[in-house]
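I opened this entry to keep a record of what I looked up, beginning with the ligand and ending with the chain as a whole.

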Amino acid sequence: MSAPVTEDLRLSLAAQGFLALPEVFTPAEVGVVAAELDRLFGRFGELPPASVLDLGATGGDFGQDVPEILYPSVLSPALRQSAVFQRSRAFARRLLGPGTWFRFDHSIRKPPRCAYETVWHQDRVHKRSGLPERRLNVWIPTGKVGAEDGCMRYVPGSHLGGVLPHEAVPERRGAQRTIGVDESAAVDVPLPVGGAALHLFETVHSAHPNLGDRPRTAWILQFTQPRAGLPLASWAHQTLHIGHTWRWRHGKAREDHTRVD
Ligand SMILES: O=C(O)CCC(=O)C(=O)O
């Protein structure tokens, strides 16, 4: 990252639960990621079932509302090799400390004029095992984002109060909403291309709808610092996903090979 990890950044993350970093990658580095994600979203209907979700209304056509790709870096090794990935991991290690590992990545696309608001939630609410660990999300938009086209928003200091009560959101696949968020305390994080928003596992956050006329795509990398020396749960999770997508990845490799020849 162009911004060094200073003690001020560490203290700010610890106090606020999030960081807004406008200058982290070059536009060219983000361009590599954007091209890979565009290619995957362009083939959304052909991706393996284990790799796709739609966060939108349960009644809509799957993949048309708010498509989400799970572990895009497994489907596209170029993402894992990208400067954006490498630098995000180095940055997470410097922020969380030794023993920080890559846990998971996903990408969420909000199409133009998409009224879907990512509801207020804490990521920790989705963790079933309850084992103690620290996690950090690095949220990277592939284009400039503001409040009008789907930027992230955070409640400063909200990570300090433990896991708050959540409720299911009717007609939203799997969504859980934090009950009683004081929106007047929330902070928007608009970002230019090359920026990133970082948050801790317990930070209450949401993202605006995309009312703009271009898709809003974000690549989200999650890092973990498990209490055990090795991230066994993360490895198991990734290995399962690698297994579930094997056939697709090998079919694709054959197709690519045929095209090159
Ligand atoms: O991109 C979004 O709309 C939401 C992302 C999010 O909730 C997260 O990164 O934890």
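How far is an oxygen atom of the ligand from an N or O atom in the side chain of His 121? I read 3.4 Å for this pair, which I list as a polar contact, that is, a pair of N or O atoms within 3.5 Å. I then looked up Asp 123, where a side-chain N or O atom is 3.3 Å from an oxygen atom of the ligand, and Asn 137, where a polar side-chain atom lies 3.2 Å from a ligand oxygen. Taken alone, the ligand exposes 290 Å², of which the protein buries 97% (Shrake-Rupley areas with a 1.4 Å probe).

I noted that the model is predicted, with local features needing pLDDT of at least 70 and side-chain atom pairs counting only at 80 or more, while totals for chains, interfaces and linings use all residues. Residues are numbered from 1 along each chain as its sequence is written, and side-chain values use heavy atoms, without hydrogens and water.

Next I looked up the shell: 13 residues surround the ligand, with Thr 118, His 121, Trp 139, His 205 and Arg 216 the closest (a heavy atom within 4 Å). Strands S5 (118-121) and S12 (205-207) are among those that each supply at least two shell residues (strands are DSSP E runs of at least two residues).

Last, I checked the chain, whose C-alpha atoms fill a box of roughly 55 × 40 × 35 Å along the principal axes.

Methods
Polar contact = N/O pair within 3.5 Å; in protein donor to acceptor, adjacent residues only side chain to side chain. Helix = DSSP H or I, 4+ residues; strand = E, 2+ residues; numbered from the N terminus.
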